[in-house]
Amino acid sequence: MAEKIRAMVCDDSVVIRRLVADVLAADPEIEVVGTAVNGKNALDKIPMLKPDVLTLDVEMPIMDGLQTLVEVRKTYKKLPIIMFSTLTERGAGATLDALERGASDYVCKPANVGSLSESMEAVRSQLIPKIKSLTGRAPIVPAGRAARPAFGAPPPGAGGRPGAPGAAGSLAAPPAPGASGPLKAAAPGNRVDVVAIGVSTGGPDALTTVVTALPANFPVPVVVTQHMPPVFTQLFAQRLNAKSKVEVKEAAAGDPLKPGHVYIAPGDWHMRFKQAANGPVVVLDQGPQENYCRPAVDPMFRSICEMYGSHILSVIMTGMGSDGHRGAEHIIRGGGTLLVQDEATSVVWGMPGAAVQAGLPCEVLPLGKLADTITQRVNAGRGGSAPRRTL
């Protein structure tokens with residue numbers, strides 16, 4: 001029997017500390033080896049307790065989560081650290097700061113839940129899959145099976161926002177049309193008129209690496225689904241825009257897809273597209289979750305396939321779960337192409353690994369080569385401006 005995952009919980013709130021410790025201790029694969037009441041206390045205990053993973057509150061007295069993170073990383077560069085954050089603008093900003101400084105992932109504290117049992121379930125559904133993925137205990141989800149949540153998932157069986165179409169969350173995307181035939185890679189030099197990126201755990205850092213390397217005259221639009229909650233996506237888009245040569249924004253309904261612009265799906269909304277008089281525009285909806293996620297990559301990939309046909313370059317980057325590979329199959333069957341981030345540079349190789357395991361024709365690349373490859377593929381065979389595709 002494999003040794004249990006040694007978890008350490010650092011939070012100044014005795015209620016949250018106890019809640020998280022109890023949730024983790026109830027899992028047969030996890031052992032809570034210790035707790036800490038602030039960052040300084042955690043730094044003192046880590047050498048003795050030797051945890052495999054650390055959960056770290058953002059706001060604490062004496063030494064807060066950001067200070068602690070920086071100090072821990074000086075000695076323990078590969079220790080998985082999961083930040084505990086609030087769903088506020090301040091909490092989102094601090095969490096994005098933590099991800100930039102080396103945090104592995106984050107979990108949002110329970111909010112607007114009515115009981116202790118609901119709070120524990122909210123923590124369990126988010127935190128335990130991330131702990132197991134970051135410590136290498138969670139297997140890649142085989143093709144054809146629904147993935148566990150990649151981000152912010154409610155307890156299994158929970159519905160979508162009241163009033164949203166199809167309030168019961170679906171588990172996976174529908175199969176691609178004509179899915180029984182063999183999959184073929186697109187012909188070399190296939191013209192690219194849009195880039196579509198799906199990403200989750202480890203995504204903020206990975207997306208920053210890719211998007212900031214795109215040139216200012218990037219000739220096509222880029223659409224992105226990053227599993228994040230509301231507020232986080234808006235702040236992340238603003239920060240990424242400040243660092244990039246291309247224009248980056250959180251997508252809004254009706255946004256026209258323009259060359260040199262990056263559109264990030266807003267938290268809790270699926271991003272799809274429709275044809276308008278001057279070309280494709282963004283459509284947002286709160287339809288059922290797919291792969292326990294909203295926004296999800298699969299619906300974005302299917303929708304962009306309807307707009308651009310074979311002229312799509314899709315990219316699946318680091319992330320937990322399997323969201324994206326079914327939508328990528330739509331794109332490949334429609335004549336588009338797929339790039340996948342490799343395992344060595346992914347924080348979690350769940351989503352990219354699911355695409356590879358599904359047998360999708362794709363090129364597997366390290367993070368450091370994705371931006372150059374995307375730019376080369378988009379520029380290949382392109383003379384002058386890209387023609388706008390109309391239906």
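Contact here means that heavy atoms lie within 4.5 Å. The model is predicted, so local features need pLDDT of at least 70 and side-chain atom pairs count only at pLDDT 80 or more, whereas totals for chains, interfaces and linings use all residues. Residues are numbered from 1 along each chain as its sequence is written, and side-chain values use heavy atoms, with hydrogens and water left out.

**View 1. Surroundings of Phe218 and the nonpolar cores.** Beyond its neighbours within four places in sequence, Phe218 is in contact with Val195, Val246, Pro259, Gly260, Ile374, Thr375 and Val378. A nonpolar core is a set of buried Ala, Val, Leu, Ile, Met, Phe, Trp, Tyr and Cys residues joined through side-chain atoms within 4.5 Å, where buried means under 20% relative accessible area (1.4 Å probe, protein chains only). In the largest such core, of 58 residues, Val195, Phe218, Met317 and Ile374 touch the most other members. Another core, of 27 residues, lies apart from it and includes Tyr263, Ala265, Met307 and Ile316.

**View 2. The open sheet.** Seven strands, DSSP runs of E with at least two residues, follow the order β8-β9-β7-β6-β12-β13-β14 with parallel pairing, two strands being paired if DSSP finds at least two bridges between them. At the edges, β8 (247–250) and β14 (363–365) each pair on one side only.

**View 3. The pairing of β13 with β14.** Strand β13 (residues 337–341) runs parallel to β14, with three bridges between them, and Leu339 stands opposite Glu363 in β14.

Terms used: Buried < 20%, exposed > 50% of the residue type's maximum accessible area, 1.4 Å probe, protein only. Helix = DSSP H or I, 4+ residues; strand = E, 2+ residues; numbered from the N terminus.
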